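Please open the model in your viewer and keep the selection panel at hand. The stops below are given in the order in which they may be selected.

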Amino acid sequence: MRDLQALTRPNIWNLKPYSSARNEYSGHVARVFLDANENPYHAPLNRYPDPLQTELKGKIAVMKQVAEEQIFLGNGSDEAIDLVYRCFTNPGEDNVVAIEPTYGMYQVCADINDVEYRPVLLDANFQLSANRLLAATDAQTKVIWICSPNNPTGNNMDRNEIIQILEKFDGIVVIDEAYGDFSEQRSFRFDLDKYPKLIVLNTFSKAWGCAAIRLGMAFADKEIINLFNKVKYPYNVNLLTQREALSILQQQDQVSAWVDVLLEERTRLFEAFRQLPCCKRVFPTDANFFLARVTDAPSIYAYLVDQGIIVRNRHKVSLCKDCLRITIGTKEEDDELLVALRNYE
């Protein structure tokens, strides 16, 4: 079995990270800051932010029931996705395996980092097979990517199949739970101590209604988090983002209410969409969106754009011919969509 050092790029394992001014006096009380060549005026925006987001991680640790040292915060989940490649894969040598269809940034980051990307098709019910994913691996496979609930299909991946992968694959397994707040499935972040090479992603962009602040979360063993912190840029999460995240964390009751409303609206829109003449099938979902097969996805998409209504055309995605991905909006927005589609000819 490969240990973490064997999975990590040698230059990353041996990397001496940049030491920021704010890191060096950590643990001491400071009043006068003459160390970082900052402008002394225009407080507090004149000061560099906490490079490790200590206060914010403390709040998230309580909310997510994980240890602070098991948390990485990044500029969206995409930063954590890219760091997986930069820490664990050697360009031109290694490969990764992923379910297909799924979130497109896994492959984009693989291409950017010159890493072979091996997609494994889901079945007709958009479910993964542990055996098929494992069969696609070889000695150079460093990472397996799983998104659950999956994007664009919306459904949870079979938990037992995921557990098989975690127990049989000796590389890094990334489970992206960006839409997990809308699902009843137990988060895999509660299993970090059991699976030391597991990384679980989450985000403030979906249930928390904070896509604009670009804050992603990765939960993993502290050794993996330490690698991420070595490689990330020193001040990767700005002060304004940290402040807004701390503010929304004080509104957890409001966020829970939003989720409840969206789940109720999801049921209503799901059933109404099924009755549309242009709808052929609506696929089950555990997210804040659903995938629907329609009579002619490109034409219907273009028609909706003309009506000022934007959905996602997934027609060219594997297994998603003539499919549209519909995000759950407000009741008024969803009604406008339904009216437009009832008038589609």
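Where is the place of R214? Select R214: the residue sits in the loop between β6 and β7 (216–220), where helices (H or I, at least four residues) and strands (E, at least two) are DSSP runs, numbered from the N terminus. Its phi is near 55 degrees, a positive value in a residue other than glycine. At 34% relative accessibility, R214 counts as partly exposed; buried means under 20% relative accessible area, exposed over 50%, and partly exposed in between (1.4 Å probe, protein chains only).

Before moving on, please note that this is a predicted model, in which local features need pLDDT of at least 70 and side-chain atom pairs count only at pLDDT 80 or more, while totals for chains, interfaces and linings use all residues. Residues are numbered from 1 along each chain as its sequence is written, and side-chain values use heavy atoms, with hydrogens and water left out.

**Backbone geometry**

Select D322 next. Phi of D322 is near 60 degrees, again a positive value in a residue other than glycine. D322 belongs to the loop between β10 (312–313) and β11 (323–327), and with a relative accessible area of 11% this residue is buried. As background, most residues other than glycine have a negative phi, and most peptide bonds are trans.

Then display the backbone from E100 to P101, where the peptide bond is cis, with omega near 5 degrees. P101 lies in the loop between β2 and α6. A cis peptide bond also joins N151 and P152, with omega about 25 degrees; P152 is found in the loop between β4 and α8 (159–168).

Select C147, a residue of strand β4. At 1% relative accessibility, C147 counts as buried. Which residues does C147 touch, not counting residues up to four places away in sequence? They are I99, T102, Y106, M157 and D176, contact being heavy atoms within 4.5 Å.

K142 forms a salt bridge with D94, the closest N and O atoms being 2.9 Å apart; a salt bridge is a side-chain nitrogen of Lys or Arg within 4 Å of a carboxyl oxygen of Asp or Glu.

A search of the whole structure finds 14 salt bridges. Select K64 and D181, which form one with the closest N and O atoms 3.9 Å apart. K64 lies in helix α4 (residues 54–64) and D181 in the loop between β5 (172–176) and β6 (198–203), so this pair ties together parts that are 117 residues apart in sequence. K64 is buried, at 3% relative accessibility, whereas D181 is partly exposed, at 28%.

Move to R118 and E116, whose side chains meet in a salt bridge (3.0 Å, N to O). E116 is partly exposed, with a relative accessible area of 43%. Finally for this group, select E265, R268, K331 and D335 together: these residues are linked in a network of salt bridges.

**The α5 and α6 pair**

Display the side chains where the helices meet: D78, I81, D82 and Y85 in α5 meet M105, Y106, C109 and A110 in α6.

**Cysteines**

How many disulfides does a search of the whole structure find? The search finds zero, a disulfide being a pair of cysteine sulfur atoms within 2.5 Å. Select C278: the nearest cysteine sulfur, that of C279, is 6.6 Å away. C278 is buried, with a relative accessible area of 5%. For the last stop, select C323, for which the nearest cysteine sulfur, that of C320, is 5.0 Å away. C323 is buried as well, with a relative accessible area of 0%.
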